[in-house]
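Here is a friendly briefing to keep beside the model as you turn it on screen.

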Amino acid sequence: MATSVNFPVIDFSDFETRYATIADQVLEASKNIGFFYITNHNGPSAAQFKRAFEMSEAFFTQPMEQKIQYGKTSLNILEGYITYTPAKLGDKDVVCDSDKETYDILPLIKPQNIAGAFIDNKEELDTFYKGMYDTSMKIFELLAFAMKIPANPGTGANDYFTSRHRYDKPYATSILRFLRYPSEDSTGRSESVVASEHTDYGTITLLSQRDIAGLQVDIDGTWTEIPIVHDAILVNMGGAIEYWTRGLLRGALHRVVATPELKSKDRYSIAFFTTPESGVKLAGIDSPILPAKMPEFTEVPNDRELTSDEYMAERFKSSSYLKK
Ligand SMILES: O=C(O)CCC(=O)C(=O)O
Ligand SMILES: [Fe+2]
């Protein structure tokens with residue numbers, strides 16, 4: 001049974017003067033639920049989100065033969081398309097997730113093999129990506145501030161997390177993902193859960209659900225509906241930041257269930273997954289509120305401190321996602 005609660009919505013207006021209050025609200029929500037909305041955030045505008053969803057729709061509504069040309073043939077390939085129904089690219093199987101189809105993009109600093117619907121609007125998409133990136137960096141600064149991370153030579157204070165998520169090549173690893181959950185009428189399938197329960201792998205995720213709800217978060221063992229709040233961005237903590245902060249911030253379990261609208265209408269969402277740079281050790285945060293002891297994490301080994309790369313590799317290894 002899913003219930004609903006008063007979901008945290010954090011107002012970023014008068015950002016500079018209300019900085020400490022906003023930072024505390026972000027920290028509280030990150031600790032307790034692990035999910036919250038932000039409004040008046042100065043990130044991508046409603047018009048920019050609308051355009052991004054139009055590009056997404058232009059890509060996903062193409063025939064499968066077109067989309068498959070950009071298909072990932074391995075999960076190690078960061079950019080490209082994942083199908084919702086088995087398909088082949090030449091003699092290779094394209095990665096398939098039976099619930100949804102996705103298209104991943106990295107920072108578009110140099111031209112790459114990008115599908116037409118997106119490359120045709122490359123500059124616009126660059127701006128959108130950068131807007132999502134900058135918004136994530138704002139969240140990281142607020143978290144570092146609220147966690148009272150002191151200034152250390154070379155690491156900074158409020159830039160503790162941002163300095164480990166640099167935008168420029170060769171560091172950037174954060175992914176912009178377009179998602180579509182095809183309607184039941186179009187697939188002939190009717191699953192009640194269309195994205196199985198998981199925690200995100202990276203540090204934080206920004207999300208926008210276009211017009212169909214269905215996202216639920218586990219709060220104290222109860223599936224709780226996350227409403228759609230228009231012109232707001234949903235933020236959630238991923239597994240990597242939960243691990244990095246010794247469980248202080250909550251990488252909450254979540255899933256997507258089918259709502260009645262999904263019968264005849266496709267569900268679209270856009271996610272921005274931040275990942276720490278390669279080589280970053282996910283340990284050693286100097287904060288007075290960090291738990292003294294590392295908890296046991298079931299998804300990753302507990303016998304050593306993992307780097308970002310090791311953490312991600314472990315999560316991919318133990319993932320049930322894509323194995324169905
Ligand atoms: O599509 C959504 O609303 C959520 C997707 C999600 O949780 C994910 O891709 O990690
Ligand atoms: Fe997720």
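This is a predicted model: local features need pLDDT of at least 70, side-chain atom pairs count only at pLDDT 80 or more; totals for chains, interfaces and linings use all residues.

Residues are numbered from 1 along each chain as its sequence is written, chains are lettered from A and ligands numbered from 1 in the order in which they are written, and side-chain values use heavy atoms, with hydrogens and water left out.

- Eight strands make up an open sheet with mixed pairing, in the order 1-2-12-9-14-7-6-3. Strands (E, at least two residues) and helices (H or I, at least four) are DSSP runs numbered from the N terminus, and two strands pair if DSSP finds at least two bridges between them.
- At the edges of this sheet are strand 1 (9–11) and strand 3 (80–82), each of which pairs on one side only.
- On average, neighbouring strands here are turned by 25 degrees against each other, direction ignored. Axes are lines fitted to C-alpha atoms, for helices over the stretch in contact, and angles run from 0 to 180 degrees between N-to-C directions.
- Strand 9 and strand 12 run antiparallel and are joined by four bridges. Thr-205 has Asn-236 of strand 12 opposite.
- Helix 1 (residues 19–32) packs on the sheet and touches strand 1, strand 2 (35–39) and strand 12; contact here means heavy atoms within 4.5 Å. The direction of helix 1 makes about 165 degrees with that of strand 1.
- Helix 2 lies across strand 3, strand 6 (101–105), strand 7 (175–181), strand 9, strand 12 and strand 14 (267–273). Helix 2 runs at about 115 degrees to strand 14.

- Four antiparallel bridges pair strand 10 (residues 215–219) with strand 11. Asp-218 is opposite Trp-223, and Ile-219 has Thr-222 as its bridge partner.
- The hairpin of strand 10 and strand 11 has two residues between the strands, and Asp-220 takes a positive phi near 50 degrees there.

**The iron site**

- Which residues coordinate the iron ion (ligand 2)? They are His-198 (NE2), Asp-200 (OD) and His-254 (NE2), at 2.1 to 2.2 Å.
- Along the chain, the donors follow the spacing H-x1-D-x53-H. Donors are N, O and S atoms within 2.8 Å of the metal (3.2 Å for Na, K and Ca), and water is not among the atoms, so sites may look incomplete.
- His-198 belongs to strand 8 (residues 193–198) and His-254 to strand 13 (residues 254–257), so the pair ties together parts that are 56 residues apart in sequence.

**Pocket and cavities**

- The second largest pocket has a volume of about 350 Å³. Of the 20 residues lining this pocket, Phe-49, Phe-53, Ser-208, His-230 and Asp-231 are the closest to its centre.
- On a 1 Å grid over the protein atoms alone, a pocket is an open set of points with protein on both sides within 12 Å along at least five of seven lines, a cavity is a set where a 1.4 Å probe fits but cannot get out, and lining residues have an atom within 4 Å of a point. Grid points are joined across faces, edges and corners, and a volume is the space filled by probe spheres set on the points.
- Helix 2 (46–60), strand 9 (204–209) and strand 12 (233–237) each supply at least two residues of the pocket lining. Helix 2 gives the largest share, five residues.
- Searching the whole structure turns up two cavities of 30 Å³ or more.
- The largest cavity holds about 100 Å³ of space, and its lining residues include Ser-98, Tyr-181, Arg-189 and Leu-262.
- The second largest cavity holds about 50 Å³. Among its 14 lining residues, the closest to the centre are His-165, Arg-166, Ala-172, Thr-173 and Ser-174.
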